[in-house]
Amino acid sequence: MSKLTVMDHPLIIHKVSMLRDKNTGAKEFRELVNEISVLMAYEATRDLSMEETEIETPIAKMTTKILSGKKLAIVPILRAGLGMVDGLLSLIPVAKVGHIGLYRDPETLQPVEYYCKLPSDIAEREIILVDPMLATGGSAEAAIEFLKERGAANIRFMCLIASRKGIEVLQKAHPDVDIYAGAVDEVLNDHAYIVPGLGDAGDRLFGTK
């Protein structure tokens with residue numbers, strides 16, 4: 001079973017609360033998504049592999065540790081996942097960025113792929129898949145399947161808010177993918193929106209309806 005990490009840092013809890021508020025406008029919403037993504041990235045990258053190296057400070061030589069050179073990729077699920085990319089890149093500027101475009105069929109509620117563009121060496125990279133919401137779990141499940149079909153083997157999923165159902169679906173379908181969530185809500189409504197959630201993350205990020 002994959003590991004579930006729910007963030008309990010006061011700054012993340014505070015900013016997620018502001019994110020949920022219906023009176024938070026698009027500009028502030030984007031800024032909050034970026035800030036939360038930065039804070040969450042510390043936890044989501046906690047177990048990156050490291051190696052020893054020798055450097056020389058102004059005082060003396062020393063042995064220290066750096067990232068092992070394992071390549072990283074950030075893959076947002078379009079379009080709302082785009083809001084989380086800049087925050088991650090501010091910490092990991094050398095990461096490559098892929099994109100997976102999915103939409104949910106309004107009748108079947110199943111994800112449909114319309115775009116997939118990934119780094120050519122995606123199979124060699126540690127991947128952070130990002131989407132603000134994990135609702136039914138269908139989009140994340142499908143996106144991970146697309147990544148695996150292209151050879152990816154080291155994937156972690158990061159979202160701002162997850163539903164219990166989405167977590168269960170993802171853990172069952174991909175028990176090898178760890179999940180990092182800013183908050184967990186218990187319920188989905190009849191339209192498969194998380195309750196209380198924060199509404200449509202894409203619309204709120206980009207000011208659309």
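In the predicted model, Ala-140, Glu-141 and Ile-144 of helix α4 meet Val-169, Leu-170 and Ala-173 of helix α5. Sorted by class, this contact between α4 and α5 comprises five nonpolar residues, no polar residues and one charged residue. The axes of α4 and of α5, the latter covering residues 164–173, lie 9 Å apart and form an angle of about 25 degrees. Because angles under 35 degrees count as roughly parallel, α4 and α5 are described as roughly parallel to each other. The crossing in which α4 passes α5 is right-handed.

Helix α4 itself spans residues 138–149, and its 12 residues reach 16 Å from the first C-alpha to the last, a value close to the 16 Å expected at 1.5 Å a residue. The buried residues of this helix are Gly-138, Ala-140, Ala-142, Ala-143, Ile-144, Phe-146 and Leu-147; Ala-140 and Ile-144, which are listed among them, also take part in the contact with α5. After α4 comes Gly-151, a residue with a positive phi, near 95 degrees.

The crossing of α1 and α2 is left-handed. On the side of α1, the contact is made by Leu-11, Ile-12, Lys-15, Val-16, Met-18 and Leu-19, while α2 contributes Glu-28, Phe-29, Leu-32, Val-33, Glu-35, Ile-36, Leu-39 and Met-40. Taken by class, the contact of α1 with α2 contains 11 nonpolar residues, no polar residues and three charged residues.

Helix α2 also holds Asn-34, which counts as partly exposed because its relative accessibility is 27%. When residues up to four places away in sequence are not counted, Asn-34 touches Gly-83, Asp-86 and Gly-87.

Asp-131 is found in the loop between strand β8, residues 126–130, and strand β9, residues 133–134. The relative accessibility of Asp-131 is 12%, so this residue counts as buried, given that the term covers values under 20%. Leaving aside neighbours within four places in sequence, Asp-131 is in contact with Ile-77, Ala-80, Gly-81 and Met-84, and also with Phe-157, Met-158, Cys-159 and Leu-160.

Thr-208, in turn, has its place in the segment after α6, the helix of residues 201–206. With a relative accessibility of 30%, Thr-208 counts as partly exposed. Apart from residues up to four places away in sequence, Thr-208 touches Arg-79, Gly-202 and Asp-203. Thr-208 and Pro-175 are 33 residues apart along the chain, and their C-alpha atoms are separated by 35 Å.

Notes
Residues are numbered from 1 along each chain as its sequence is written. This is a predicted model: local features need pLDDT of at least 70, side-chain atom pairs count only at pLDDT 80 or more; totals for chains, interfaces and linings use all residues. Side-chain values use heavy atoms; hydrogens and water are left out. Helices (H or I, at least four residues) and strands (E, at least two) are DSSP runs, numbered from the N terminus. The expected span of a helix is 1.5 Å times one less than its number of residues. Buried means under 20% relative accessible area, exposed over 50%, partly exposed in between (1.4 Å probe, protein chains only). A crossing is left-handed if the near helix is turned anticlockwise from the far one by less than a right angle, and right-handed if clockwise. Contact means heavy atoms within 4.5 Å. Ala, Val, Leu, Ile, Met, Phe, Trp, Tyr, Cys and Pro count as nonpolar, Asp, Glu, Lys and Arg as charged, and the others, Gly among them, as polar. Axes are lines fitted to C-alpha atoms, for helices over the stretch in contact, and angles run from 0 to 180 degrees between N-to-C directions. Angles under 35 degrees count as roughly parallel, over 145 as roughly antiparallel, 65 to 115 as roughly perpendicular and the rest as oblique.
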